[in-house]
Amino acid sequence: MPLPVAITQGDSAGIGPEIIAKAFRDHGPLLRGCFVAGDVDTVRRGAQAVRRGGETYLPVAAIGAPAQAWDVPPRCIPVLQLPDMPAAAPWGQVSRAAGEAAARSVQWAARAALAGEVAALVTAPLHKEALALAGVDFPGHTELLQAEAARHAGVPIAQMPVRMMLANDQLRTVLVSIHVSLREALDAVTQPHILQTLRITHAALSRSLGRAPRIAVAGLNPHAGEGGLFGREEIEVIAPAVAQAQTEGMQVWGPISPDTVFMRARNTPQRAGEFDVVLAMYHDQGLIPVKYLGVEEGVNVTLGLPLVRTSPDHGTAFDIAGRGIADASSMVEAVRVAKRLAGLPVD
């Protein structure tokens, strides 16, 4: 059998366990060969939360090795119990224990993927404040995975550059900077950083699309600086990075005014987008357009890692956790994209 796909349990106080349970319940064929890396009781609680009227239970099976995921029948959730996992935290509460459990799940799955034991990993939402309470040195999934990949390769983190891509059927965006303050994000708009992002984006999408991607680069300032009237970053930093990428054979355009570039790149039934992806200068510039189009359909893909990692495009949703009403669509799509990127059968 092919290698299985690991799904991390996410923050136990959030909606991660229940959207995992919904995905297995409602999309059995797609989830075949997937398993949860985490705590059996936490996943069982999530399964109980999504139980519908007339259902006695949604089965959860403890497995002893990742390959056993293929032997579990549809709608049954295989869970690989990780050692020393904290018990599930109360629904909707930020806690050190939940942050510790979420981090351990991600680290185990990353190491398994890097060791060639799983084909890909899909990460359920974690809570950044809970991570910090647990003493984790990294603010989110992307940085945690970057650190694990660097450790595995025996190189400094700086030599394992990664980028976040958020995508749905209508739009893809890649971010120059990720989880930093806006002030730090502005400082990250440098020619080397932009060029590195373009190289990572070009390489990753060339593999997944089977051709060179058409990349649009957003400006930083209103109207892309309006010829220097509203800032000179476009003239002195962004345009030279675009020019260098073009000399390297990439199909890159920009800088383009950030208030129009996402509309030009958007795919609709009436009009194909002009670009395959938009390079955004900072986190919210790139993520707001994608999330506005439908957070339930978006998928977060980490580019630059020597492994396949996807994630739903939403957070822990503490306000509705445990009620069984969370939408699992983004989790389902994250599994679909991960299997496709890993070359596994889908549906």
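Axes here are lines fitted to C-alpha atoms, for helices over the stretch in contact, and angles run from 0 to 180 degrees between N-to-C directions. Helices (H or I, at least four residues) and strands (E, at least two) are DSSP runs, numbered from the N terminus. This is a predicted model, in which local features need pLDDT of at least 70 and side-chain atom pairs count only at pLDDT 80 or more, while totals for chains, interfaces and linings use all residues. Residues are numbered from 1 along each chain as its sequence is written, and side-chain values use heavy atoms, with hydrogens and water left out.

I begin with a helix pair. Helix α1 (residues 16-26) packs against helix α3 (residues 40-49) at an angle of about 65°, and their axes lie 8 Å apart. The two are therefore roughly perpendicular, a term that covers 65 to 115 degrees. On the α1 side the contact (heavy atoms within 4.5 Å) is made by Pro17, Glu18 and Ala21, and on the α3 side by Thr42, Gly46, Ala47 and Ala49.

I turn next to helix α9. Its 15 residues, 233-247, reach 20 Å from the first C-alpha to the last, close to the 21 Å expected at 1.5 Å a residue; the expected span is 1.5 Å times one less than the number of residues. At alanine 239, shortly before proline 240, α9 has a kink of about 30°, the bend being the angle between axes fitted to the seven residues ending there and the seven starting there. Buried residues (under 20% relative accessible area, 1.4 Å probe, protein chains only) of α9 include Val237, Ile238 and Ala241. The buried residues of this helix pack against α8 (191-209), β8 (214-218) and β9 (251-256). Just after α9, glycine 249 takes a positive phi of about 95°.

Strand β9 contains proline 255, which a cis peptide bond joins to glycine 254, with omega about 0°. Most residues other than glycine have a negative phi, and most peptide bonds are trans.

Two alanines deserve mention here. Alanine 224, in the loop between β8 and α9, has a positive phi near 55°, and is buried at a relative accessible area of 15%. Alanine 317, in the loop between β12 (309-312) and α12, has a positive phi near 50°. Its relative accessibility is 24%, and alanine 317 therefore counts as partly exposed, the class between 20% and 50%.

Finally, helix α12 (residues 329-341) has 13 residues, and Met331, Val335 and Ala338 are among those buried.

Terms used:
Parallel < 35°, antiparallel > 145°, perpendicular 65-115°, else oblique.
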